[in-house]
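Please load the model and follow along.

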Amino acid sequence: MSVKFLKEKILSRRVRTEEQPKRKAYIVFEDFMQLPVYFYHTIGVSPYEMRGSKKPGIGFHILFLIHMVNANFVLAMEITFVVVSFRHNENFIESCMVMSYIGFVIVGELKIVTVLLQRQKLTNLVRQMESVFPAARQKEQEEYDVKSYLQRCLRYTKGFGGLYLTLIVTYNVFAIFTYLLQKWILHSPHAKQSLPYTPIAPWEWRDNWTYYPTYFSQTLAGITVTWGHIAADLMIFAVVIQAIMHFDHLTKSLTEFTVRAQTEVNGADKDLKELQALIGYHNKILGLTGVMNEVFGFALLLNFMAQSALVCFVGFQMSLGISPELQAKLFLILLSANSEIYLICKFSQMLIDASGSISFAVYDMNWSQADSRFRKMLILLALRAQKPVCLTATVFLDISIETMSIFLRMSYKFFCAIRTMYQ
């Protein structure tokens, strides 16, 4: 019996080994987009039409409606609180805090609306990117080094998403955790109920059962706008990483190009045909980046405007000598806002470097042995590559790593202005 068992075990292991290559999964375009699409789907948003998937049902649209109605309800309560506070000249610090929330909510909702309005263009962009994505073949995916770029994409998107997840969990849980800790663990008679974002509601929520639905409503609103806020950024990161992958592959193809004009029969014609294919590939990538900026330009502009104001307000509140708990929460906002702008600037700089490297690859080719027609086409390719490709916040701003210093200087000037007015 034992010998028979061992033979069956060896045979089953051999079968699994033989079947393993058949089950090998290749990286597909959706692997880069999985995280932003997941965030969008949780709030009832379908950012683009997916191949082979059914159209969203009525339940999906109802989910989106619930999220947006609740978020706008909480936004109205926040605006009401700020107006009432300034009218009565009280709760100045808390009003500044709520104003930061208002800006965050507005930007998050505008990003969601922008994606919905640009859905057809985004679908077109996705289709074009799928058409140039490396085929599900081992050799082609190794040539593009797809696995390495996917790992880089997931590292950035998961890290950035995790940072904002920490932010929203902290703000959503802090108030109720403090209350329950004081009431049920410390048995303090001074335990007070508080809400995470604004103390105003159309009903009296203190010391009755409506406290928990009201708290849940504000928590859900925080999740809605946070997911809408970061999903657009994660999608930008995923698209830019793929554009960089294509630019790097083109650079590699040009660098390793073998000129056959003087070594083979009809070698000049073969060189010309291959170079034309590479130039067509370059034109297609440039077209993709143009559509990318057209789709995401407004979202990028919102990021810089909103985060500049947010950093200014948060820095001002931190300078007023507030409690350590509030200081920690504000620091988390400050870290998240600066990280977001830094990553956008970093990705744009990576895109600039990758697109610009093509002109250096052209220079490094063995062009002196090539046909005259080949050399003329190389000149045009090099001239086009010298104009850097970058993320653009509509027509107002070309983004690079230098934009980060502009952002910090602008935020500091706003901070000094508000601080002077306050004093």
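## Around Val362

Beyond its neighbours within four places in sequence, Val362 is in contact with Leu254, Trp367, Leu378, Leu381 and Ala382. Contact means heavy atoms within 4.5 Å. Val362 sits in helix α10 (residues 324-364). Helices here are DSSP runs of H or I with at least four residues, strands are E runs of at least two, and both are numbered from the N terminus.

Val362 and Leu254 lie 108 residues apart in sequence, yet their C-alpha atoms are 6.4 Å apart. Val362 is buried, at a relative accessible area of 6%. Buried means under 20% relative accessible area, exposed over 50%, and partly exposed in between, with a 1.4 Å probe and protein chains only.

## Basis of the model

The model is predicted: local features need pLDDT of at least 70, side-chain atom pairs count only at pLDDT 80 or more, and totals for chains, interfaces and linings use all residues. Residues are numbered from 1 along each chain as its sequence is written, and side-chain values use heavy atoms, with hydrogens and water left out.

## Helices α4 and α9

The axes of α4 (residues 92-117) and α9 (residues 267-318) come within 10 Å and cross at roughly 170 degrees. Axes are lines fitted to C-alpha atoms, for helices over the stretch in contact, and angles run from 0 to 180 degrees between N-to-C directions. The two helices are therefore roughly antiparallel. That label applies over 145 degrees; under 35 is roughly parallel, 65 to 115 roughly perpendicular, and the rest oblique.

On the α4 side, the contact includes Phe92, Ile93, Met97, Val107, Leu110 and Lys111. Among the α9 residues they meet are Val295, Phe298, Leu302, Asn303, Phe313 and Gln317. By class, this contact has 16 nonpolar, 4 polar and 1 charged residues. Ala, Val, Leu, Ile, Met, Phe, Trp, Tyr, Cys and Pro count as nonpolar, Asp, Glu, Lys and Arg as charged, and the others, Gly among them, as polar.

## Salt bridges

Side chains of opposite charge can pair when their charged atoms come close. The structure holds 12 salt bridges. The criterion is a side-chain nitrogen of Lys or Arg within 4 Å of a carboxyl oxygen of Asp or Glu.

Arg260 pairs with Asp271, with the closest N and O atoms 3.2 Å apart. Arg260 is in the loop between α8 (211-255) and α9, while Asp271 is in α9, 11 residues apart. Both partners are buried: Arg260 at 19% relative accessibility, Asp271 at 1%. Glu264 bridges to Lys270 at 3.4 Å between the closest N and O atoms. Glu264 is partly exposed at 37%, and Lys270 is partly exposed at 39%.

Asp269 pairs with Arg373 at 3.1 Å between the closest N and O atoms. This pair links α9, which holds Asp269, to helix α11 (residues 372-385), which holds Arg373, across 104 residues. Asp269 is partly exposed at 43%, as is Arg373 at 39%. Salt bridges with shared partners join Lys111, Asp233 and Glu340 into one network.

## Cysteines

A disulfide is a covalent bond between the sulfur atoms of two cysteines. The rule applied is a pair of cysteine sulfur atoms within 2.5 Å. By this rule the count is 0 disulfides. Cys345 is in none; its nearest cysteine sulfur is that of Cys390, 11 Å away. Cys390 is likewise in no disulfide. Cys345 is buried at 0% relative accessibility, and Cys390 is buried at 11%.
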